[in-house]
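Have the structure open while you read.

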Amino acid sequence: MKYGYIVFFSAALLISGCMPMQSKDMSDLKGEVAQMQIQFKELQANHADLYARADSAFVTVDFLNASIHDLQSKYSALSQKVQELESKVKKQSAAGERSETPLPSEAYQMAYSDYSMGKYDLAYSGFQNFIDKYPNSELAAQAQFYMGECFYSKSSWEKAVAEYQKVEQNYKKSDLVSAARLKIGLAYDITGKKSEAMDVFGSIVRDFPQSSEAQSAKEKIRIYNNNAQKK
């Protein structure tokens with residue numbers, strides 16, 4: 001039995017020291033191993049208690065033997081589970097070594113980091129690659145919006161408008177639709193396309209009346225109307 005204990009704990013320690021896998025899977029596995037260690041300590045305590053009670057007249061030899069067999073059966077089951085977990089860890093670790101593809105959130109953050117540092121061309125490529133790889137990600141609409149921001153920051157107004165328009169075209173339910181429309185209206189306003197700008201601002205007030213973009217659009221319309229009256 002002592003040899004069995006050593007084997008069990010060696011296997012458990014081996015698993016706990018394996019290379020990192022996917023964080024959730026690894027956490028689950030470590031939790032299972034920890035739970036097994038607790039169970040095994042309880043079994044050890046029961047085993048010692050059985051031997052102690054064997055000296056008393058209240059415990060028969062048959063009861064003791066049955067209890068020991070039950071303990072050994074549970075130990076074997078736990079040992080098998082440890083081996084299965086060890087095999088799973090090795091397979092997933094090997095798979096992790098073969099794949100170095102970043103998580104969607106990491107890929108997005110890399111592109112956004114470039115954008116925040118003013119590396120607009122690099123950021124644009126990063127956001128485009130992100131959308132190509134993860135078109136259904138929750139971050140896809142944001143990536144598309146920032147593709148427009150990259151051009152807007154470079155004063156490439158027409159290209160910026162084209163990218164902003166894709167936000168509504170491809171992600172109609174996104175909260176960024178109103179923000180994209182506002183940037184389109186601002187781009188039109190900057191380039192002297194006042195009529196188109198007012199149409200866009202008006203659509204924001206109509207379709208998103210409670211949004212902060214609607215307040216900005218109302219202010220732009222008010223300024224436009226005041227200037228028109230002065231003429």
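Lys 183 and Glu 149 are both buried, meaning under 20% relative accessible area, with exposed over 50% and partly exposed in between (1.4 Å probe, protein chains only). This is a predicted model, where local features need pLDDT of at least 70, side-chain atom pairs count only at pLDDT 80 or more, and totals for chains, interfaces and linings use all residues. Residues are numbered from 1 along each chain as its sequence is written, and side-chain values use heavy atoms, leaving out hydrogens and water.

There are nine salt bridges, each being a side-chain nitrogen of Lys or Arg within 4 Å of a carboxyl oxygen of Asp or Glu. Among them:

| Pair | Closest N and O atoms |
|---|---|
| Lys 183 and Glu 149 | 2.5 Å |
| Lys 154 and Asp 121 | 2.6 Å |
| Arg 181 and Asp 207 | 2.7 Å |

Arg 181 sits in helix α8 and Asp 207 in helix α9, so this pair ties together parts 26 residues apart in sequence. Helices here are DSSP runs (H or I, at least four residues), numbered from the N terminus. Arg 181 is buried at 12% relative accessible area, while Asp 207 is partly exposed at 36%. Shared partners link Glu 168, Arg 181, Arg 206 and Asp 207 into one salt-bridge network.

Conventions: Helix = DSSP H or I, 4+ residues; strand = E, 2+ residues; numbered from the N terminus.
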